Amino acid sequence: MFYSNVGKRILDLGLAILMFLVFLPVFLILTLMISFNFWGNPFFLQERPGKHGRIFRILKFKTMADLFDSKGIPLVDGER
């Protein structure tokens, strides 16, 4: 009963914090590399539907360049 009510939450948070600290150097290197390649914000913020349709925001590393045509309109995904 303790595990299902409290223990699993403590285990999940503990492992998440540990893994974040382990991968923090990789995240920092990726952030610097993306910043230099795309000349700007290395992150992409997106809203997604979650449990019971509740909208949440997710922060991702940007993998596509923000390229525009001569009129200032963003190019379609295939041309970026």
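Guide: E47 and R57 are both exposed, where exposed means over 50% relative accessible area, buried under 20%, and partly exposed in between (1.4 Å probe, protein chains only). This is a predicted model, in which local features need pLDDT of at least 70, side-chain atom pairs count only at pLDDT 80 or more, and totals for chains, interfaces and linings use all residues. Residues are numbered from 1 along each chain as its sequence is written, and side-chain values use heavy atoms, with hydrogens and water left out.

Visitor: In what do the side chains of E47 and R57 meet?

Guide: A salt bridge is a side-chain nitrogen of Lys or Arg within 4 Å of a carboxyl oxygen of Asp or Glu. E47 and R57 form one, at 3.5 Å from N to O. This pair links distant parts of the chain, ten residues apart: E47 lies in strand 1 (residues 43-49) and R57 in strand 2 (residues 55-61).

Visitor: How many salt bridges does a search of the whole structure find?

Guide: The search finds two. K8 also pairs with D12, their closest N and O atoms being 2.9 Å apart. K8 and D12 are separated by about one helical turn because they stand four residues apart in helix 1. Helices (H or I, at least four residues) and strands (E, at least two) are DSSP runs, numbered from the N terminus.
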